[in-house]
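Subject: Structure handover

Hello,

Here is the structure for you to look through. My notes follow below it.

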Amino acid sequence: MNYLKLSFAFFILCFSISIGASAQQDTAILSNILNKSKIIADRYPAEKVYLHFDKPYYSVADTMYFKAYLTFEQNVPSPLSKVVYVDVINSQDSIVKSLKLPVTNSVAYGSLDLDMINFKQGNYYVRAYTVWMFNAGPEYFFTKSIPVGEAIDKKLITHFSYNSTQSDKGQVIDARIQFKNLDKIPQAGKTVNWSVTSNYEVVSRGKGVTDANGILKLSITPRKNESIKIGNLVTELNMGTQDPPVSTSFVLKPVVGNNDLQFFPEGGELIKGVPTQIAFKAINQKGLGIDLTGTLTDNDGNQITTFTSAHLGMGSFYLNAEGTKTYKANITFKDGSKKSFDLPKAVESGISIQVNTANPETINFKIVANDSYFQQNQGKSISIVAQNGGRVYYAAQSKLQTQVTAAKIPSNKFPSGIIQMTLFGADGQPISERLIFVLHKNAMNLTLKSDLPAYKPRQKVRMLVSAKDSTNRLVGDFSLSVTDLQKVPVDENTETTILSSLLLTSDLKGFIERPNYYFLKTDEKKRQELDILMLTQGYRRFSYKEILANRFPETSFMPEQGITFTGTLRDRTGMPLKKAGLRLTSPGRNVSSQALTTNMGVFTFPNLVFDDGAELVINANYGAGSNSMIMLDAPFVPEITKNPAAATEVVNIDSTLSSYLDNSKKQYSNLRTLKEVKITGATVKKPSHTDYIALTGLSMMPDHMIAGERFSDCNDLMMCLKTMAVGMTFDVDKFYVSRSYNQGDRTPVQIFINGNAVDAISVSSVMPKDVESVEIFTQDQLGIVFKQYQCNGVIVINTKKVEKSNMSLADLKKLMPQNNILKFTPKGYTRAKDFYSPKYLTQTSSYTGNDLRTTIYWNPKIITNATGDTAVEFYNSDGKGTYRAVIEGVDVNGNVGRFVYRYTVK
């Protein structure tokens, strides 16, 4: 569907020679708004990434398959970036795997083996992004929570719950764990040893015995004046046999606090004398919606109205604020707790936009001013602009002649997605804003149809894929997943889909609970609930106040067109070598590129293509002399942020994924995990701050310590240290102790590398793989080190010791960097595995054992065209019951489609 960039249906400006000075000024104001909006759309297009996975969760030893879609304005396939990055992050906020994928025709294909070494049972979240998206920040990355279960060599099934309380005496976490064997028999009377680790230190431990129901209750109390924000509870249950104790771990992310309630007047402000819809949103301590009932009273105690939440703690009511009255909401939450909340104070003078979206074909809106505002601004110009992603689809201007001005806009003027409607005053500044959601159901009719309504196990299925609008077939790119619904049950309301991601959550601030709920059988009730969501969530793309003040987004990164390396060529004195030739090759591979340094010695090898794990060699033996240094620039790595959807993480994976894990146990019955073997011997002293005289004044034990293993996936030590240094804040070019920094103290932290005092810039010179540990000291009880170095806090970086050995001069030279040559193994493209789909020519052929597949078919390369339907074929597994096929994708015009189809195997 093609949309007009501008529509002046509300008021048409008449441009002629006779226009007066005032009218010309009004026109200039609107033109300025439109021009600034155009700058945002043209220079700062918002790129989005969406990943379609073959299923919503996995088991250790599975292969995760996915397809990445890149779009920008109007969700048209993005021509900007040619590389997409995918990170898998565990519950301890550490990257487990990072993939780099080549983008072709705005899509990329990926797969990841969930190996038994790097993956354990737990909650993970996947984030996907491009380098261009670095300019906006990690909050704009695609994210999705994915639980991973474990079925190999499993001995116990557990069910875990806990709650945390905070008092003057400290934090107390009361936990409850039920242990069952694989036959689901409670393990009664079993001895359990447990310990809690936080910040890589044991902060609590204990011992207990399970009751008749296999339940262990324990109370966790961390050390005095400390609290657990993220912890790991490890239990060891003695089975009472000769078998070793069975160890199980649970993640602790305790939250404290009360239910909260916020109010959001339509248009932005509660205005005296104007009947206003006030939306509200209530959340519990975990950040999830909690339902409520309430009464609204004024300051005289008079009841004004009653109200109830409609969906996930959200709802709305109307209020006409009067005179000097103030208002209070008296709330009873679903959990029985009660609390009163003050409403926002009404402003004396104001004007706002009010919208009615009951009719999906039309956007009806009113501009309402109260008496005070109207008397002060009668006859002055007002402007209204409606945009999506910076592209203006509706703009109009008029004089304020009445207190209420009503108008309507056909919904087909806008693309599907979130529309930001903004009202501007005579000075051209925004004074009211309203978000609206538009969904064109007929923009793409995407369907699947099988050749039979029901099938037998291992029978061939033929499906037709059709993508049409109201008149024509659509050219698009799609991916199809078919799963056995008995083994892979799914809650469709909580799914992250291409519709909920590209059209909804990617443009809203904050966490959106159950996003796909609004797209399942959308009726009038859901449209009303979606409209309330628009009132309670902020628009994240840009602020008109900022761009009208010429404060545009900073652009530090350009769209990546391929793998590129940059650096500087210098001589041994550090001076840059200009106009020197360099050559990049990869031994045994068809990779070759040449570069010439600039006058500043800078070189660039652009748009390289090579697989991950390839060794590259840069040679500067071409006019650079015989004694040059090749200095490669470190790639930028985005900071690791906490899972934005942490509130939806699965606490009890064993029970939630029980159907799936029961099948995985059969599927991987031939696999075994390696058992830990403990070898005792003489203790080898590891490097620490106690090895250096300059640091002997510090405590023997650091306040926090980061093990070197945590930097295994780190490319730049400084970038990783910014996010890992507990209790530290990094600002500009220095670290500070967070508690002192928050109180205004700007005394910096002193950094030491192997006992030598250095500045923060030197940290990047340390290779992450060479780090043994990082010790963090937030206090110096003797005051010796802090006083000597005039610092507040110390970070000590200890590198691994190199074992002494008898080495010849020739061996030593081999270890030394070669002049004019740099060898390195950077991150290359990860090649996606092909999905294996067996072919059964007969009922028993091609697959000797039981066919226990959970993903029956995965095809990320389905292309529709304008000539006819596209056909796919695959074979069922041995599972009987309902199979679920999900197809998603985007057409060349930016129409987003998703369709779910079910068929029976019996």
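E888 and R898 form a salt bridge between their side chains, at 2.6 Å from N to O. A salt bridge here is a side-chain nitrogen of Lys or Arg within 4 Å of a carboxyl oxygen of Asp or Glu. The model is predicted: local features need pLDDT of at least 70, side-chain atom pairs count only at pLDDT 80 or more, and totals for chains, interfaces and linings use all residues. Residues are numbered from 1 along each chain as its sequence is written, and side-chain values use heavy atoms, leaving out hydrogens and water.

E888 sits in strand 50 and R898 in strand 51, so the pair ties together parts ten residues apart in sequence. Strands (E, at least two residues) and helices (H or I, at least four) are DSSP runs, numbered from the N terminus. Both E888 and R898 are buried. Buried means under 20% relative accessible area, exposed over 50%, and partly exposed in between (1.4 Å probe, protein chains only). E888 and R898 also belong to a salt-bridge network with E492, E495, R884 and R902.

Now the strands themselves. Strand 50 (residues 881-891) pairs with strand 51 in the antiparallel sense, over ten bridges. Two strands count as paired if DSSP finds at least two bridges between them. G881 has V905 as its bridge partner in strand 51. The two strands make a hairpin with four residues between them, and G894 in the turn has a positive phi of about 90°. Strand 51 (residues 896-905) also runs parallel to strand 31 (residues 454-455), joined by two bridges. There, A454 stands opposite T904.

How many salt bridges does the structure hold? The count is 32. One of them joins K272 and E348, at 2.5 Å from N to O. This pair links distant parts of the chain, 76 residues apart. K272 is buried, with a relative accessible area of 15%. E348 is exposed, at 53%.

Another joins D611 to R831, with the closest N and O atoms 2.5 Å apart. These two lie in separate loops, 220 residues apart. D611 is partly exposed at 31%, and R831 is exposed at 64%.

Three strands run in the order 16-17-20, with antiparallel pairing. Strand 16 (260-265) and strand 20 (314-319) are at the edges with a single partner each, so one side of each has no neighbour in the sheet. Strand 16 and strand 17 (residues 276-283) share six bridges. F264 has A279 as its bridge partner in strand 17.

Best wishes
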